[in-house]
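Biologist: Please show me the model, and then let us examine its features by question and answer.

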Amino acid sequence: GLFLGCGSSLASAGPGGAVVAYVLMGTIISSVISCLGEMTALMPVNAPVMEFPRRFVSRGVGFAVGWIYWFAYAVLAGEQLVAVSNAIKFRYDDGKTFLQWEVGERVDNAVWISVFLVLVVIFNMFPVRVCVHRLWTLGNIDDR
């Protein structure tokens, strides 16, 4: 992600290189999404990410893209759980400032992954109305 992955970009490319890399990738991603939106507006279909390669290239490519799409999101879910467990174990020490959460350090990563997996499953069992209200409420939190 943007926040968890920017440290390695900053360390290897420096601030200017990181900005150039993020602008370049943002431009590429924006172009791909704009093209997908234009194609979907022209020809509305279900699951356009899989349907367009099937229709315009071949059925095999559409099938492969569908499985790759599913696999990417399956891996992403596990990666996000590992990222949140690593964020809980965050530790900062620059010689002057020391930040550490004792409970986060003593508890194993598997426990944090299990806790957040259960929370995600519980939140996904709520009706859409409850989830939308929760998102609307969290989006309207004002820190003034």
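**Aromatic pairs, surface and segments**

Modeller: The structure holds six aromatic pairs; rings of Phe, Tyr and Trp (its six-membered ring) pair if their centres lie within 6.5 Å, and planes under 30 degrees apart count as stacked, over 60 as edge-to-face and the rest as tilted. This is a predicted model, in which local features need pLDDT of at least 70 and side-chain atom pairs count only at pLDDT 80 or more, while totals for chains, interfaces and linings use all residues. Residues are numbered from 1 along each chain as its sequence is written, and side-chain values use heavy atoms, with hydrogens and water left out.

Biologist: Is Phe-63 buried or exposed?

Modeller: Buried means under 20% relative accessible area, exposed over 50%, and partly exposed in between (1.4 Å probe, protein chains only). Because its relative accessibility is 58%, Phe-63 counts as exposed.

Biologist: Which helix gives the most to the nonpolar patch?

Modeller: Patches are made of residues with over 30% relative accessible area and no salt bridge, with like charges joined within 9 Å and nonpolar side chains (Val, Leu, Ile, Met, Phe, Trp, Tyr) within 5 Å; a salt bridge is a side-chain nitrogen of Lys or Arg within 4 Å of a carboxyl oxygen of Asp or Glu. The nonpolar patch on the surface includes Val-111, Leu-119 and Phe-126, and has about 600 Å² of accessible area together. Six of its residues come from the helix that gives the most, α5 (residues 109–125).

Biologist: Where is Ala-47 found?

Modeller: Ala-47 is not a glycine, although it has a positive phi of about 55°. Its relative accessibility is 37%, so Ala-47 counts as partly exposed. Ala-47 is found in the loop between α1 (2–42) and α2 (48–56).

Conventions
Accessible areas come from the Shrake-Rupley method with a 1.4 Å probe; for residues, only the protein chains shown count as cover. Helices (H or I, at least four residues) and strands (E, at least two) are DSSP runs, numbered from the N terminus.
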